[in-house]
Amino acid sequence: MSSETRFGAYEPVIGIEIHVQLQTRSKMFCTDSTAFASGDNECVCEVCTGMPGALPTVNRTAIEYAVKTGLALGCSIREKSVFSRKQYFYPDLPKGYQISQFDLPLCENGRVEFVYNGSKKSIEIIRAHVEEDAGKSTHQGDCSLINLNRASVPLLEIVSGPDLRGPEEAAEYARTVHKMVQYLEVCDGNLEEGSFRCDCNVSVRKRGETKLNTRVEIKNINSFRFVEKAIEYEILRQIDAMESGEKIRQETRLYDPDKNRTFAMRSKEEAHDYRYFPDPDLLPLVLTKAEIESMRAKLPEMPLARAARFQSEYKLPEYDSQVLTAEKDLADYFEKVVSASGNAKAASNWVMTELLRELNDSKKTVSQSPIPAERLGQMIALIDKGTISGKIAKTVFAEMWTSGKAPEVIVQEKGLVQITDTSAIEKSIDEVLAANPKELADYRGGKEKLFGFFVGQVMKATKGQASPDMVNQMLKAKLKG
Ligand SMILES: [Zn+2]
């Protein structure tokens with residue numbers, strides 16, 4: 001059901017703040033490693049633990065990644081942006097403040113387009129600013145453990161306008177940004193490890209109204225399915241409250257996936273006054289027009305553009321283009337198969353059916369595929385040359401998957417070359433007809449659908465290696481006689 005009908009007289013208004021972890025090797029303001037799997041508190045120094053007198057320095061790569069993302073989001077890039085201190089106390093924030101950007105963010109005024117339910121949506125990007133992450137607290141009984149490995153890991157916070165109108169649409173927007181940062185190679189996109197997390201701002205108003213009502217923020221959701229479910233729950237909760245004349249409180253809530261509900265974390269009354277001011281330890285960040293333009297020139301083709309090109313260049317249907325560009329690695333793989341085979345339609349069929357099924361079944365990513373793209377392309381070329389039939393190709397594919405051998409080697413070793421020798425096929429046909437006199441008589445008596453039975457028998461007798469086209473033609477001729 002669309003959100004139009006599902007929420008009746010009410011219209012949801014949703015905006016999302018996405019925290020993208022920029023995949024730099026070192027942290028935002030010091031040289032510690034950002035490696036996820038390091039031992040507790042192994043990646044810390046005097047800067048990211050806020051020791052007196054320690055001075056931060058800006059990670060150049062993080063800025064480059066942030067600018068690339070901003071440009072891809074259609075933002076204008078500020079030539080002079082400022083890092084500010086956002087003051088608050090939290091046990092895993094030893095400095096007592098987070099370095100972020102406040103009134104002068106790096107990127108602003110962008111727009112993201114995506115296709116949802118067959119129509120194009122355009123979502124405003126208010127800003128995207130660079131900041132550092134906090135550490136992580138783990139609570140065990142009456143004791144709390146703090147791991148500061150994440151403290152000062154670079155983040156880009158992307159803030160959308162309140163342009164989203166339903167849970168599914170909101171999740172699709174988040175997926176779109178997720179796809180973009182992976183295409184840009186600025187984020188590993190790992191949701192489980194928290195490299196990409198969403199805070200969703202949700203409010204509800206009567207359809208036709210234009211003012212924004214009190215909004216509730218649902219924090220730290222790291223799955224697209226949960227984005228959808230949490231927003232759905234929150235919309236219905238707010239509609240219920242409005243119907244019963246209750247006032248919506250501005251508050252921060254968390255989503256519990258096990259119970260599929262949101263619950264209040266803190267209300268606005270307790271919210272902090274962060275007292276932002278420019279960080280005196282960091283100079284304003286200055287970028288020249290030339291630097292920004294050189295980064296723009298290095299932007300890769302983005303998913304929407306690539307899907308459109310797949311449609312025009314390879315004559316693929318829209319659906320196939322969407323599936324094949326869902327991940328950059330998959331799109332790259334597909335294009336390699338096309339260039340090795342010269343047959344885009346067959347390449348898309350094999351990648352979308354056989355390859356994706358095997359990857360899915362074995363829980364592998366496309367970059368872990370035991371079949372390199374070039375080999376799949378070579379196999380398709382063997383079909384097109386008539387060396388093997390499409391049916392035999394499935395056997396070759398399965399063998400490539402398990403043994404990792406080249407298709408030509410498998411065809412040679414297993415003797416799978418297609419039989420195109422007319423006398424061999426004729427011999428098989430004669431044997432099949434002789435062995436099935438009743439069916440032959442029935443066929444000649446008018447039961448023409450038995451033709452398929454004879455084709456099947458001949459293919460079986462030749463272990464699937466006879467050229468199906470030749471079997472069809474020759475069998476027709478024989479049965480007439
Ligand atoms: Zn450090």
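Thr462 sits in the loop that links α15 (451-461) to α16 (468-480). The structure shown is a predicted model. Leaving out residues up to four places away in sequence, Thr462 touches Ile419 and Ser428. Its C-alpha atom is 9.2 Å from that of Ala424, a residue 38 positions away along the chain.

The domain assignment divides the protein into domain 1 (3-295), domain 2 (301-414) and domain 3 (422-480). Between the C-alpha centres of domain 1 and domain 2 there are 37 Å. Where these two domains meet, six residues of domain 1 are in contact with six residues of domain 2. On the domain 1 side, α3 gives the most, with four residues. That side is made up of three nonpolar residues, one polar and two charged.

The interior comes next. In soluble globular proteins, nonpolar side chains tend to be buried together. Here the largest nonpolar core has 68 residues, and Ala66, Ala170 and Cys200 have the most contacts inside it. Helix α3 (residues 167-183) gives the most to this core, with eight residues. Cys200 shows how such a residue is surrounded: apart from neighbours within four places in sequence, its contacts are Ile14, Ile16, Ala170, Ile218, Ile221, Val227, Ala230 and Ile231.

Key: Residues numbered from 1 in each chain as written. Predicted model: local features only at pLDDT ≥ 70, side-chain atom pairs only at ≥ 80, totals over all residues. Core = buried A, V, L, I, M, F, W, Y, C linked by C-beta atoms within 7 Å. Buried ≥ 20, exposed ≤ 12 C-beta atoms within 10 Å, placed from the backbone. Helix = DSSP H or I, 4+ residues; strand = E, 2+ residues; numbered from the N terminus. Contact = placed C-beta atoms within 7 Å. Domains from an automatic or database assignment. Nonpolar A, V, L, I, M, F, W, Y, C, P; charged D, E, K, R; others polar.
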